[in-house]
Each structure stands twice: as C-alpha cells, then as structure tokens.
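Okay, everyone, thanks for coming.

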Amino acid sequence: MTSTIKDFSLKRFSLRYKATCFACIVFLVAVAASLVPEVQGDDLDNTDTRAVMKANFLFHFAASNEWPAETKTGPFRMVVIENERLFLELIDKYALKPIGVQPLEIVFFESPSDINLSDAPHLIYLESSEGLVDFPKDWEDQPILIVTDSDTGLANGSTINFVAVDRRLRYEINRKEAANKGLLLGSRILSWAINSDK
Amino acid sequence: MGHKLRQMNHHMALKYCVRRGLAWVLFMEMTFVFSGQVVVDRAVAFGQAGNWDQALEILLPEMGNTSIQSDPHAWYVLGFIQKELYKTMEAHDTDSPRRLEAVSSLQKAAGLKPSMGDEQKITAALDFLARSFLRDAIDRVDGFTVGSDSEILDIFGRYEAITKAINPNADVSEQKADVYRYLGQANGLILRGLTEDKDGLEEQLFERSVDHYEYALKLIPGDYSGLYNLAITLYNHGVRQLKRINHETSMFELMEIQDACVALFEESLTPMESAHQLQPNRFETLKGLMTIHYALNQSDESDRYREEIDRLNKNRP
C-alpha cells in the first residue's frame, strides 16, 4: 500500500514535472518568437527570371533563323538538357507555337547522352558546353543549332552562347559554326548579338 | 437742524437702498452660478447612473449659459459625457460626431485652466480618444480598398493632432511609420492579386506601395521589416514585367523589358542589403540577395549567398 502510494506520488510528480517543463518550453519559444521582428507583406517571387529570358531568346532563335528545307517537315524540335525550369517555362508559353509552318515541340533530357540523332532536333540547349563532347561526331555537320550558357561555349563548338553583359542576359554567336551546319542566322539575331561582326 | 436731519435720513436711505440692491444682485448672481453648478452636478449624477443621454440633455443646452460657459469643470463633464456616448453608441463609426464633439469639449476644458484633478482626467480622456483614432486607422488598413490611403492618413492625423495637443513634445514617428508600412503592405497585397492591368492600376499601386515604405523608412530608418518589404516590392514588380514576355514579344521589346527589370532589381538590392546588414543571419534576406543577384546574372554573388544559406542550414540545431 505504502509503495503503491509512493509510486503514485512519484508518477504524479513526474507528470507534473514534465508538464512544467513543457509549459516552460512553450513560454520560451513564445518569448523568442515575439523578439524576432515579424516580416509581413509580399513574399519573394520565386520565378526563375533567367529561365524566362532564355525561353524567349530560344523562341526567337527558333523563329528567326533559317534551317535547310529538308528539316522543315514535322514539328520543330527543341531539346532542353539539364535545365528543367527552362523546359517548363518553354512548355508553358511556347509549346505548339508556329515556327514557320512547323509547330514547336519541346523535349527535355537529363543529360546529353540521352539524345539520339533519330530524334532530329533542330535546336539543342544545354547549360554547360562540356556536354558537347558527349554528342556523336557525326552530329557536327547536322543542321542543329546548339545553344549553351557557358564561359567556353563557342570555343567548345556551340553556335550561340548566352553571356552576362552589364547585368543583362545577352548572347554571342559563331557565324562560322552556323555556316558549317548549313544554318542561316537571321538579321535580327545577328543585330542583337554582342559580337555580330564576328 | 431739521434740514440737516432730513439730509442725513436721505443719505442713509440711499445707502440702505444701494446696499439692498447690491445684495440682491449678488444674491441673483449666486443663484445663477449655483443653478449652473446644479445642472452640472445633475448631469454628473445621471452619468454615474449610466444615463448618458439624459446627462447630455440636461447639460448641453446650459453650456451657452454665461455662468458655466467659462467653467472648465463643466466642459470636462460635457466632454466626458460625449466620450461615453461615443463609446456606447458610435464606437464602430470612424466618423462619429460624438467623438469629435468630445474632443472639442475636452480641449476647451483644457484651455480654461482646470483644477489639477480635472486636468489629469481631461488628459486621460483625450488620450483615450486619440488612441481610438489610431485604432480606427489601423482597422481601416485591414479592410483596405484601392485609394483609401488618404482617408486612413486623415484618421491617423487626428490621432497625431490630439496627442500633440496633450503633449507638444510627443513623438508619434513610430506609430506613423507603422501606419505607412501597413499601407505599403496593403497596396502590395492588392497589386499581387491583380490579374490584369486596367487603367494603369498596377503602376499606381506599385508607386503607392513604394512611396509608403520609403516614407516609413524616412521616419524610422533601419527598420528591418520596412527595408525587406520595400526590396520585395521592387523586385517582384520587376518579375511581374518579365512574366509578361511571351511568343509575341519582339527582340526589341525583350531588350526594353529586360532593361526595365534590371533597373528594378538593382533598386531592390540596396534595401535588401541594408536589411541583411541589420540581421545577417536571417534566411529571407539571404534568399532575397541570392535571388536578386541571380536575376542580375551575377552568378558568383548569387552562389556566395546560396553557400551562406547552406552553411546556416547545416549549423541549425
């Protein structure tokens, strides 16, 4: 009987102790929260601003350059590698929009090695130009406009490379590479390039 | 001798009449004053019984009475009655006439050199009424509608005027900054919810939001919340322009939009950096700086803040 009473008392003490500790913690958290100034108002817009800009540039690259006649059947295929946000932006605003007489089709791949030549892409975008080494050699002469966003993009074989100039997204072109591939860069695209005289 | 007696009697009679007349005038005066005081006391009695309507009915007509017109206590009682009527009947009416009347009566009482006891009570009553205006201003922000900024600031202005009348050295900068900041948020919230830009409303809301935040920061520089919200408003407005780009946007338009966005992103950088300096370990400002630098195509700076966020995340318990 005595031990039962003792056990019961101990249990009650233990419960009371736990409840007190919990109350203290809640109080401290409330005090701490009240000391941190509230930041009310708008939330930061998480839109990928560079993806928005790039998507529009890519659409212009597709619409304002000239591909050989034999590539003008079926959909105009744009392949995006690695950058899923860019892919989603393109899908959202540009999918099925006309590129000449061809509807724009946009496809996403995780890596360059996932693409096949049989996919017949007209334009490939990849973030880093290092991935270009994964492309088969017989692609070099194919009329595929390769766009990169890398310091060594043009040097590694891309036709158009995004660059940051004065905090703005711009692009540079490799006319010779375009010519080798049988692509004709449009005057509008040439005029806005930062190195249009090259 | 008889003549002299007659003269003396006449003189005494005259004095007697003058004294009687003066006494009568004094008596009338006292009666008059006494009856004015009676009215005030009766009004107080009604008020103490909770019968404020009756109290006002008795006292208000008498306030034109010269006996109590310059009595600070009478004006205090009147002001108090009007205050109580405002509380019971017009507390939810921002334009309550009773409240304005109460302020007027109490201020009049304050200007007539009241007793020390009355002075304290007058100050307390005016302070209550001043705070009711502040509360109304903030309540109006809760139910904010486009263009109600000046109305809210007018209501706040009344709070400020009464507070400064009580104490000319009173500093209401903090409360004023709060109201301006709330107005900035209110305009920003409506801006965020706009689905289309009609009649230039988007630009109006944006400019008002920024103006309010900037004014709040002028009053209380170095306010973290104000700095952060201003930065967000500027940045988000830039993103809003960018999101309008679509397949119909020409290259020329694209470049122009980009220029406008970069200007807004650059403008948002200053308040965000200031907020960051105030609280270097706050995630929202680190994220804000990471995002703004990313939008400005400054990958190195953006990555630096990303690493800082990762480091703080790792060190979190």
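So, this is a predicted model, keep that in mind. Let's begin in chain A, with strand E4, residues 123-126, and strand E5, residues 145-148: the two run parallel and are joined by four bridges. If you want one pair to click on, take A:Leu126, whose bridge partner in E5 is A:Thr148.

Now zoom out a bit. Those strands belong to an open sheet of seven in chain A, with mixed pairing, and the order goes E2-E3-E1-E4-E5-E6-E7. Which strands stand at the edges? That's E2, 98-99, and E7, 168-173; each has a single partner strand, so one side of each has no neighbour in the sheet.

Next, the cores. The largest nonpolar core has 73 residues, and A:Phe57, A:Phe61 and A:Tyr171 have the most contacts inside it. What does A:Phe57 touch, leaving out residues up to four places away in sequence? In chain A, you get A:Phe162, A:Leu169 and A:Tyr171, and from chain B there's B:Met251, B:Leu254 and B:Met255. Apart from that core there's another one, with 41 residues, including B:Ala74, B:Ile122, B:Ile152 and B:Ile155.

Last stop, the outside of chain B. Here B:Leu14, B:Val18 and B:Leu22 make a nonpolar surface patch of about 290 Å². Look at B:Leu22, which sits in helix H1, residues 2-48 of chain B. Is B:Leu22 buried or exposed? Exposed, because its relative accessible area is 57%, and the cut-off for calling a residue exposed is over 50%.

That's my tour, happy to go back to any of these.

Conventions: Residues numbered from 1 in each chain as written. Chains lettered and ligands numbered in written order. Predicted model: local features only at pLDDT ≥ 70, side-chain atom pairs only at ≥ 80, totals over all residues. Heavy atoms only, no water. Patch = residues over 30% accessible without salt bridge, like charges linked within 9 Å, V, L, I, M, F, W, Y side chains within 5 Å. Areas by Shrake-Rupley, 256 points an atom, 1.4 Å probe, with all protein chains shown as cover. Salt bridge = Lys/Arg side-chain N within 4 Å of Asp/Glu carboxyl O. Buried < 20%, exposed > 50% of the residue type's maximum accessible area, 1.4 Å probe, protein only. Core = buried A, V, L, I, M, F, W, Y, C linked by side-chain atoms within 4.5 Å. Contact = heavy atoms within 4.5 Å. Pairing = 2+ DSSP bridges.
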